[in-house]
Number of protein chains: 2
Amino acid sequence: MLKKERQAYITQQLNIHNKVLSSDLSTQLNVSEDTVRRDLNELSEQGKLLKVHGGALSTGFHFTLQNQSIYSHKEKRAIARKAINLIRDGMVVLLSGGTTIRELVTTLPLELNATFITVSVPIALELLNHPNSEVMFLGTRLSKGAQMAVGAEVVRKLADIRADICFLGTNSIDVDGVSDMEWEVIEVKKAMLESAGLKVSLAISEKLNTRQRFSVCGLNELDHLITELEPGDPLLQSYQGRVNLL
Amino acid sequence: MLKKERQAYITQQLNIHNKVLSSDLSTQLNVSEDTVRRDLNELSEQGKLLKVHGGALSTGFHFTLQNQSIYSHKEKRAIARKAINLIRDGMVVLLSGGTTIRELVTTLPLELNATFITVSVPIALELLNHPNSEVMFLGTRLSKGAQMAVGAEVVRKLADIRADICFLGTNSIDVDGVSDMEWEVIEVKKAMLESAGLKVSLAISEKLNTRQRFSVCGLNELDHLITELEPGDPLLQSYQGRVNLL
DNA sequence: TTCTTCTCTGCGGTATTTTGCGGGATCGTT
DNA sequence: AACGATCCCGCAAAATACCGCAGAGAAGAA
């Protein structure tokens with residue numbers, strides 16, 4: 001087995017699996033691990049892979065490792081645009097927290113004249129920049145983790161509200177419905193949904209088919225599910241017919 | 001499973017859920033919690049996440065106000081240091097809005113364990129970064145200009161509160177007392193003062209001897225006036241004896 | 001062919017990394 | 001104060017990496 005052959009095999013395996021182990025390659029190629037390591041080192045110097053302790057990763061892998069500050073920014077913009085189409089002048093709009101909702105708020109058209117109600121501190125602050133809309137904040141006790149109001153009082157206040165539409169930033173959603181991690185947050189989200197006419201969940205596709213400890217609501221309770229994907233996308237197959245996709 | 005793989009999985013989970021628990025990751029990845037913790041520590045040092053007790057938070061999710069050049073930053077730091085000396089563990093502290101108060105909040109010692117109550121959205125957001133303190137936000141209707149809660153409800157809620165100390169960011173102060181521009185803001189500030197034991201006004205010297213349309217309170221109603229100047233400074237001459245200078 | 005030169009490979013020995021675990025400190029909640 | 005969960009530190013075992021060397025083998029020249 002020639003050196004070039006070995007290295008070609010390694011590259012191929014890497015393209016298939018995005019990862020190789022030195023030990024595996026050693027047995028597959030019938031050479032010592034040192035030889036494999038030397039090959040990996042060479043390919044690494046040529047930038048054809050990312051060498052790590054124990055093996056190597058495809059260079060594409062490295063890409064997913066570092067971009068997180070602008071994480072899914074584009075997808076969230078797409079979601080925001082779709083969501084904004086549902087808002088009309090004069091509406092009362094209920095907003096949860098999260099970066100997707102924040103993207104929605106920052107892309108809100110300036111001439112929009114609506115009443116926004118939120119329980120999230122960052123969202124409230126962002127909304128205050130909008131010249132033509134009224135902003136209400138609900139709640140007193142604030143959760144540090146979620147940066148939003150929690151507790152009995154906000155739930156009670158939400159019960160007094162009749163909003164036209166509620167946009168829910170969604171952490172996890174699967175065919176059974178929306179779920180979340182913290183009990184206090186769940187309580188508030190449930191109350192928000194009950195107070196709203198249209199119930200809309202916003203989720204980037206990555207959050208599809210994940211679930212967490214506590215359930216927020218069933219899929220059938222939602223009026224719309226907005227992702228960055230086309231409604232006909234195969235990733236949404238298991239949701240089609242069970243919820244109105246946008 | 002390679003280490004980088006694990007770390008990539010962790011960052012992905014973090015991007016999806018904004019929060020991860022060490023215990024969850026431990027079972028999901030089939031490694032010990034120590035290993036997870038070490039991964040979290042590494043990623044934290046690289047600034048890719050925010051490590052907290054029990055797990056980690058996404059840095060993108062927790063957004064804080066960037067230190068946009070605070071006007072008269074150095075003076076406000078000096079004021080903040082003096083003000084902090086008045087705060088003790090276990091106190092209930094009432095905070096108004098403004099950049100001086102914000103400076104106070106950012107220089108708050110991390111180990112301080114107090115309850116903070118505020119009506120200002122940016123102050124609330126800043127307070128949420130403080131690990132050992134409770135944060136309450138009062139009010140529902142928000143004023144865009146002042147970025148704080150206004151209206152009858154917040155006044156009523158303030159009336160129910162017995163705070164140990166109230167720090168008032170001050171726009172204008174002269175020998176007759178504290179004054180401000182917006183009627184709605186005045187109402188709230190008055191209510192704050194009435195609910196607090198110690199009433200403290202924070203003002204940079206620039207604001208001394210200026211006055212505005214509406215009066216908040218008389219000088220004699222204040223317990224302390226804090227400026228960046230020494231109490232004996234000639235600029236403060238007309239205030240000496242009429243209010244306790246710090 | 002035979003010799004020289006060069007690259008490649010495996011091996012032994014040692015260094016480094018990674019991981020789990022025990023024990024004590026610390027945190028958070030009751 | 002007390003309890004359980006979590007964290008941190010140091011250790012030991014295992015895996016992996018690196019270094020130098022010597023031999024095998026290929027390529028080229030006489």
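Modeller: Let us start with residue classes: Ala, Val, Leu, Ile, Met, Phe, Trp, Tyr, Cys and Pro count as nonpolar, Asp, Glu, Lys and Arg as charged, and the others, Gly among them, as polar. This is a predicted model, in which local features need pLDDT of at least 70 and side-chain atom pairs count only at pLDDT 80 or more, while totals for chains, interfaces and linings use all residues. Residues are numbered from 1 along each chain as its sequence is written, and chains are lettered from A and ligands numbered from 1 in the order in which they are written.

Biologist: Which classes make up the surface near DNA strand D?

Modeller: That surface has ten polar and four charged residues, and no nonpolar ones. Here "near" requires a C-beta atom, placed from the backbone, within 6 Å of the strand.

Biologist: And which residues come nearest to DNA strand D?

Modeller: Of the 14 residues around DNA strand D, the nearest are A:Ser22, A:Ser23, A:Gly54, B:Ser22 and B:Gly54. Helices H2 (22–29) and H3 (33–45) of chain A, and H2 (22–29) and H3 (33–45) of chain B, each supply at least two residues of that surface. Helices (H or I, at least four residues) and strands (E, at least two) are DSSP runs, numbered from the N terminus.

Biologist: Next topic: how many residues of chain A are in contact with chain B?

Modeller: In chain A, 37 residues are in contact with 32 residues of chain B; contact requires C-beta atoms, placed from the backbone, within 7 Å. H7(A) gives the largest share of chain A's side, four residues. By class, that side divides into 17 nonpolar, 15 polar and five charged residues.

Biologist: What is the order of the strands in the open sheet of chain A?

Modeller: The six strands run in the order S6-S5-S4-S9-S12-S14, with parallel pairing. Two strands pair if DSSP finds at least two bridges between them. At the edges are S6 (134–137) and S14 (224–226) of chain A, each pairing on one side only.

Biologist: How many bridges join S4 and S9 of chain A?

Modeller: Strands S4 (residues 92–95) and S9 (residues 163–169) of chain A pair over three bridges. In S9(A), A:Phe167 is the bridge partner of A:Leu95.

Biologist: Finally, what does chain A span overall?

Modeller: The C-alpha trace of chain A spans about 75 × 35 × 35 Å along its principal axes. The secondary structure of chain A comes to nine helices and 14 strands.

Key
Contact = placed C-beta atoms within 7 Å.
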